[in-house]
Amino acid sequence: MRALALLLALFAALAVVPLAADTYVVALVTRAMIFALAAVSLDFILGGAGLVSFGHAALMGIGAYGVGILMEEGTREALIAFPAAMAAAGLFALVTGAVSLKTRGVYFIMITLAFGQMAFFVAQSLSAYGGDDGLSLAARSTVAGQRWLKSPVTFHYATLGLLILITALCALILASPFGRVLRAAKENERRVRALGIDPYPYRLVAYGLAGAFAGLSGALLANLTEFVSPAFLSWHRSGELIVMVVAGAMAASALGVRAGGAGRLGGAVLGAVGVILVEEGLAHLTEHWRIVFGPLLVLLVLLGGWRGRRA
Amino acid sequence: MSTTLLLVQVLNGLQLGVLLFLVAAGLTLVFGVMDVINLAHGVQYMLGAYLMVTATALTGSFWLGLPLALVAALVLGLVLERLVIRPLYGRDHLEQVLATFGVILFVNEGVKMVWGAAPLAIPMPDALSGSIRLMDGLNYTVYRLALLGAGLLVAGGLYLLVTRTRSGMLLRAGASNAPMVSALGVDIGALFAKVFAFGAMLAAFAGAMAGPILSVEPGMGDGLLILAFVVIVIGGIGSIRGAFVAALLVGLIDTLGRSFLTDLLKLVLPPSDATQVGPALASMSVYLLMACVLFFRPRGLFPAPA
């Protein structure tokens, strides 16, 4: 129950932001929600299936480039560009996942990093689309021909709607028999195999879905910043997404939400929004905000362990 | 002309490989022996370079500065182990990633505050400056040769240390079964602390030695950290021998790819395509190598015995 309460409280808080805040804060919170969407898609495979992907930013970046390249070629319509971006990212995830999922543990982390870096260098070499400098979008995407996304408030609510939709979808999938296989294989792969189920195809489908959802977040990010660049695909960004998911899960468990199912996804939303807002808040206080933020992360882990050991 | 260029690039590649090995050796030991993913290993490389800047400025000499910087790096390694790493033993890998990522942010910013964000330089020692003639038309910097030699020397010393000494025996025993070693009366905590600080010092040595040929700047360890992870994964986690082979392989492939791949592609592709594809392919060559190695040998080239 606490898990659902956490999610509802978070979504309610995000929904009232435009009522009380100026354009700058609305754009900041929209950005936080876009990262929350990416973090949810990562947590879907990380928390749900135990697959730690260190190349998630590449999937996000492919979605962003999907929108950027289609716009450069004359297609501004979100109803075409967004599904295309999701398909491209999902396809990339399926192909690389087919190879990566043969490995386990740290080796999986590193092979996803390898594919992420390959995508990064490909983006860097796309000289027709800005290459290293990135690509400026002419404008935001249109929805059914209408320029709805131009208004910060509409964009905010559209992002919130998609975030709620994808979070609910991921939670439903994890609760379904399909998700049960994923979670069981995370706990004890040998037992799942002994029951006659090969987890590989389940994991591959989940990885592809996570790729499509991450692609959606990238498409939104490209629209928010009206700019895409290879930096969107860098491993730093993948690391940040992992930090959001893990920090969020630890913060959620500190609040008494059990890590599992929807509660986990709530942690990812909390982590992404929390990390972006804390970064922004500290950056207002001091130029050297990382000197505070770094030890905060260390403390979160060390204190979290203290709680865990007492339990 | 082409042969000498090839030879120079092979030497450059070996030298990058040796640097990578010095960083990867500590990383693979800490990972293999203590089962800790230490993302902060890259900042120890950077700290080595910065400590070297200060130590050479203080003493006015490269040769006095080097041991000073190494001792300082060793002490910092012990402090980091005590404050952050020790509570992380036996914890989830992701929690280790999160905590050591926090250390990266802290140290990178701290370095910016103490030494400034602008790149610094370490003066090259007089005895090693200048270049030497290896063969007709091939001059090579003495310092880079010395760096290569020093790295190979450390690699040899490390091999002897691990395979021939009592400390090395304890280290290998700790890697295969830490609780058993502890039950036999060895202070495993102290052993871990020593391994960690020693790894930190190796990384700092790499940073201090690379200082005179690279610019010393905040974040200089981040890119190298990722390459070092590539190296230990290709070599097989926990294997020093694997790290050595993989480091040289990665160093050579990366360097040779960057210098020759575009020209090679021009033989089969139109020149305009080759100049676009070449650099991208060269940049991703080590990652392609890693993906291929993991596909055929999911536990690396020299998997440590389970």
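Helices (H or I, at least four residues) and strands (E, at least two) are taken here as DSSP runs, numbered from the N terminus. The model is a predicted one, so local features are reported at pLDDT of at least 70 and side-chain atom pairs at pLDDT 80 or more, while totals for chains, interfaces and linings use all residues. Residues are numbered from 1 along each chain as its sequence is written, with chains lettered from A and ligands numbered from 1 in the order in which they are written.

We may start with the overall form of chain B. Eleven helices and two strands make up its secondary structure, arranged along the sequence as α-α-α-α-β-β-α-α-α-α-α-α-α. The C-alpha trace of chain B spans about 65 × 50 × 40 Å along its principal axes. Among contacts in chain B between residues at least 6 apart in sequence, 75% join residues at least 24 apart, a contact being a pair of C-beta atoms, placed from the backbone, within 7 Å.

Helix 1 (residues 2-34) and helix 9 (residues 220-235) of chain B pack at an angle of about 65 degrees, with axes 9 Å apart; axes are lines fitted to C-alpha atoms, for helices over the stretch in contact, and angles run from 0 to 180 degrees between N-to-C directions. Helix 1 of chain B contributes L20(B), V23(B), A24(B), L27(B), T28(B) and F31(B), which meet L224(B), L227(B), A228(B), V231(B), I232(B) and G235(B) of helix 9 of chain B. The residues of this contact comprise ten nonpolar, two polar and no charged (Ala, Val, Leu, Ile, Met, Phe, Trp, Tyr, Cys and Pro count as nonpolar, Asp, Glu, Lys and Arg as charged, and the others, Gly among them, as polar).

Between the chains, 33 residues of chain B are in contact with 34 residues of chain A. On the chain B side, helix 4 (93-115), helix 9 and helix 11 (271-296) each give two or more residues, and helix 4 of chain B has the largest share, 14 residues. This side has 24 nonpolar, five polar and four charged residues.

Finally, two loop residues have a positive phi. E226(A), between helix 9 (199-225) and strand 2 (227-228) of chain A, has phi near 50 degrees and is partly exposed, with 14 other C-beta atoms within 10 Å. D35(B), between helix 1 and helix 2 (41-59) of chain B, has phi near 60 degrees and is partly exposed, with 17 C-beta neighbours inside 10 Å.

How values were computed: Two residues are in contact if their C-beta atoms, placed from the backbone, lie within 7 Å. A residue is buried if 20 or more other C-beta atoms lie within 10 Å of its own, exposed if 12 or fewer, and partly exposed in between; C-beta atoms are placed from the backbone.
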